[in-house]
Amino acid sequence: MGAGHSHDTGEATPRNRLLIAFSITASVFVIEVIGAVITGSLALLVDAAHMLTDVIGLAMAVTAAHLMNRPPSDRYTFGLRRAEVLAALAQAALLLGVGIFALVEGVRRLFEPPEIASGSLLFFGIVGLVANIASLLVLMSGRTRNLNMRAAFLEVFNDALGSVGVIVSAILIATLGWYQADAVAGILIALLIIPRTFILLRASGSVLLESTPPGLDLAEVRRHILELPQVVAVHDLHASQVSTDLPTLTAHVVVDDTLTPEQSARLLQELQECVADHFPVSIEHATFQIESQSHPGEHTTHA
């Protein structure tokens, strides 16, 4: 006998917020490209290229949000919720590439600083920062919702740091004539970007490898199940995540032969309540298979 739940958790990702952030970022990218052409500023052109990666990243996030919000089907029984993980992984890889490029280019510019029009650089840096702050405010409330939103927020936050770096370097260049300021800002930003991308890569990879949800102790789950009346053993206990907001659990529960059908139904309810309420990670999508102790089933060969 088994039991499971199918839950509709509503819209998986606030797609409208991502669309607004994407529109703002794409508009600033166009403005920065125009500014780079007008001023001839290499720094601004590099920042525009950085902005382009954000546009691509947010486009992936919007696409993933659309896919995640599609209902389940016979082919995709959980819908396409795992699109959030694939999008976050792609965005993290993209950000890592940008971070490494900024680090290498920053070191090169320390020794070969280009001449930069500081006034124009300051203007476009301020425009970029204002736009990034607007996007951050739009994404702020949903940034912890799932990996897709975390990646999108990190994209924009990273670009806001880039805009701050552009502004600071423009001021230093204008006041001190220190052209290496642009390179120093780029290196510092890269050093902030790279660790965050590794965190996001690790979180995405953990879901794809179907690891146990963070914060859930399977040994403790097993102990709780074994404490239930007439439960003899537990085997094939597995927990993973379809997406960051949809943890799942399955287990085969061996019971003694005296268990009646009524007691079995009550035990299933207790098992569901146990994994949904007793642990830091609430698992509402759990499936249990009840096996009698005398039944020559899988519990005779599996731990």
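**Entry 1: the cavity**

On a 1 Å grid over the protein atoms alone, a cavity is a set of points where a 1.4 Å probe fits but cannot get out, and lining residues have an atom within 4 Å of a point. I began there with this predicted model, in which local features need pLDDT of at least 70, side-chain atom pairs count only at pLDDT 80 or more, and totals for chains, interfaces and linings use all residues. Residues are numbered from 1 along each chain as its sequence is written, and side-chain values use heavy atoms, with hydrogens and water left out.

I found one cavity of 30 Å³ or more. The volume of the largest cavity is about 30 Å³ (the space filled by probe spheres set on the points, with grid points joined across faces, edges and corners). Which residues line the largest cavity? I listed Leu95, Leu154, Phe157, Asn158, Leu161, Leu192, Ile193, Arg196 and Thr197. Helix 5 (147–176) and helix 6 (180–208) are the elements that give two or more residues to this lining. Sorted by class, the lining has six nonpolar, two polar and one charged residues (Ala, Val, Leu, Ile, Met, Phe, Trp, Tyr, Cys and Pro count as nonpolar, Asp, Glu, Lys and Arg as charged, the others, Gly among them, as polar).

**Entry 2: the whole chain**

I went through the elements and got eight helices and five strands (DSSP runs numbered from the N terminus: helices are H or I, at least four residues; strands are E, at least two). Along the sequence, they follow β-α-α-β-α-α-α-α-α-β-β-α-β. Of the 303 residues, 46% count as buried (under 20% relative accessible area, with a 1.4 Å probe and protein chains only).

Strand 3 pairs with strand 4 in the antiparallel sense over nine bridges (DSSP must find at least two bridges for a pair). The two form a hairpin, with two residues between them. I noted His238, whose bridge partner in strand 4 is Thr250.

How many bridges join strand 4 to strand 5? I got eight between strand 4 (residues 246–255) and strand 5 (residues 285–292), which run parallel. From strand 4 the chain crosses through helix 8 (residues 261–277) to strand 5, a right-handed β-α-β crossover (clockwise from the first strand over the helix to the second, with the strands pointing away from the viewer). His252 has Gln289 of strand 5 as its bridge partner.

**Entry 3: Glu105**

I found Glu105 in helix 3 (residues 83–111). Why does Glu105 count as buried? Because its relative accessibility is 15%. The Glu105 side chain makes a polar contact with the side chain of Arg108 at 2.7 Å (a pair of N or O atoms within 3.5 Å; within protein, one must be able to donate a hydrogen and the other to accept it, and residues adjacent in sequence count only if both atoms are side-chain atoms).

Technical notes
On a 1 Å grid over the protein atoms alone, a cavity is a set of points where a 1.4 Å probe fits but cannot get out, and a pocket is an open set with protein on both sides within 12 Å along at least five of seven lines; lining residues have an atom within 4 Å of a point. Buried means under 20% relative accessible area, exposed over 50%, partly exposed in between (1.4 Å probe, protein chains only).
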